[in-house]
Structures are given as C-alpha cells and as structure tokens.
Amino acid sequence: MVEPLGKKVKRIAWGITGSGDQMIETYSILVDIKNQTGVETMVFLSKEGETVMKWYHLWDKIQNDFPNFKVDAGPNSPFIAGPLQMGYYDFLLIAPATANTVAKIVYGIADTLVTNAVSQTAKGKTPIFIMPVDQKRGTVKTAAPSGRAFELSMREVDVTNSEKLAQMENITLLSSPYEIYDVFGLERPSEDITLKVKEQKKHKAKKETEI
C-alpha cells in the first residue's frame with residue numbers, strides 16, 4: 001500500500017507502454033476512478049502501447065473513455081513534458097511499464113514519449129508513480145487477450161532494474177494496479193474490478209437507452 005497524495009486530485013497524466021500484463025485490470029481501475037472522482041485523465045501511449053491496446057481490444061474503448069488521448073510521435077511530441085514539469089498535472093502514472101521502459105529510465109535514456117516524460121517530470125515536483133511488470137523474482141501468472149492464463153519467468157536483470165528504479169528521484173513504485181486507489185485515497189473494491197466496470201457500462205448504456 002502506498003501513501004495517498006494528500007490532496008484532491010483533479011488532473012493526472014497516464015502513460016501506457018507495450019505490456020499486456022495487468023493491462024485490463026489497470027484500465028478498468030482508471031475507468032472506475034474516473035467514474036468515482038471525475039478526475040481529468042490525459043492518456044499517452046508509446047508506439048508499442050498502441051499495439052497492445054489494439055491486441056487487447058481496448059483501442060476504441062480508451063479513446064471513448066479518455067478523450068484526452070495522445071500517441072507517441074517522438075520523444076517530445078506531443079509536448080507533455082512542460083505541463084508535467086510545471087505541475088499542471090497532480091501526478092504522472094506509468095502503468096503497466098515494460099522492462100524496456102524501466103531499463104531506459106534507470107539508465108537515463110529518454111528517447112520515447114514515455115521515458116522523456118518521466119525524465120523531465122523527475123526534474124520538477126510532480127510525483128511519479130510507476131508500475132513495472134517485472135518486480136518479483138520467480139514466475140508470475142498473466143493472461144492473453146483470449147483470457148487464457150499462462151506463466152512467465154522473470155529475468156534477474158529486469159527485476160534488478162525495477163529495484164534501481166525504486167531508488168530514483170521523485171519515483172514511487174506500485175506493486176499492483178490496485179495501489180492506484182491508494183494514491184487517490186479511495187477504498188479498493190471488494191469485487192473483481194473488470195466485472196464491476198462492465199456492469200457500470202451496461203447500467204450506463206441502459207439509462208441512455210431509456211432517456
């Protein structure tokens with residue numbers, strides 16, 4: 001569990017990289033938090049993040065749920081580093097973060113929209129929360145877009161880089177997407193978040209049909 005930000009969160013920037021692990025849960029949690037709080041969420045994707053969103057059938061959904069939506073056209077395009085540095089957003093969230101993105105951040109490489117956003121934000125006072133997918137030694141369970149579960153073995157180099165990331169300036173690691181609730185100071189849901197969001201969407205669609 002991480003400490004709550006300690007203030008009302010009005011605007012956040014959410015960066016998505018090319019990992020499918022915990023993508024559906026993370027997406028559902030951000031939708032749920034938006035529904036609860038009305039937080040303005042600017043979403044930006046790495047080039048591989050776009051690929052993963054399409055693979056998990058979330059490409060159209062995310063543009064509908066989060067209209068303030070941007071795709072990597074270069075390390076500083078679209079220009080989001082300035083507003084992040086200056087505190088326009090209450091915090092920067094990168095989730096999920098691939099091993100490649102984590103390695104670049106750890107070694108100071110800022111050649112993508114996501115890694116440049118982190119490197120520039122770290123120079124200011126805007127908090128950064130990152131959820132690496134490779135944090136624990138051993139094997140982890142994940143799921144394919146079809147829902148089929150399978151296991152992955154974590155590489156030592158990737159776990160070590162996540163540990164180094166945790167020691168960097170102005171960065172807090174999240175061990176689970178559910179810790180995003182903690183940052184907002186919200187209670188975690190007791191039910192499966194993906195099912196909860198599906199029911200919310202069904203209820204909303206039904207109400208719109210009745211109007």
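This is a predicted model: local features need pLDDT of at least 70, side-chain atom pairs count only at pLDDT 80 or more; totals for chains, interfaces and linings use all residues.
Residues are numbered from 1 along each chain as its sequence is written, and side-chain values use heavy atoms, with hydrogens and water left out.

**The chain as a whole**
- The chain has 9 helices and 8 strands; these are DSSP runs numbered from the N terminus, with helices being H or I of at least four residues and strands E of at least two.
- A compact globule of 211 residues would have a radius of gyration near 17 Å, and the chain agrees, with 17 Å. That radius is taken over C-alpha atoms, and the globule rule is 2.2 Å times the number of residues to the power 0.38.
- Along its principal axes, the C-alpha trace spans about 55 × 40 × 35 Å.

- Of the 211 residues, 46% are buried.
- Take the contacts with a separation of 6 or more: 78% of them come from residues 24 or more positions apart, a contact being heavy atoms within 4.5 Å.
- The accessible surface comes to about 10900 Å², and carbon and sulfur atoms own 52% of it (Shrake-Rupley method, 1.4 Å probe).

**Charges**
- There are 26 positive and 26 negative side chains, and the centres of the two sets lie 4 Å apart. Lys and Arg count as positive, Asp and Glu as negative, with His and the chain ends not counted; each charge is placed at NZ of Lys, CZ of Arg, CG of Asp or CD of Glu.

**Aromatic rings**
- The chain has 9 aromatic pairs. Rings of Phe, Tyr and Trp (its six-membered ring) pair if their centres lie within 6.5 Å; planes under 30 degrees apart count as stacked, over 60 as edge-to-face and the rest as tilted.
- One of them is Y27 with F66, an edge-to-face pair at 6.0 Å centre to centre and 80 degrees between the planes.
- That pair links distant parts of the chain: Y27 is in helix α1 (residues 23-37), and F66, 39 residues apart from it, is in the loop between α3 (59-65) and β3 (69-71).
- Y27 is buried too, because its relative accessibility is 4%.
- Y88 and Y89 also pair edge-to-face, at 4.9 Å and 90 degrees. Y88 is partly exposed at 39%, whereas Y89 is buried at 8%.
- W14, Y27 and F66 make up one aromatic cluster.

Definitions and conventions. Buried means under 20% relative accessible area, exposed over 50%, partly exposed in between (1.4 Å probe, protein chains only).
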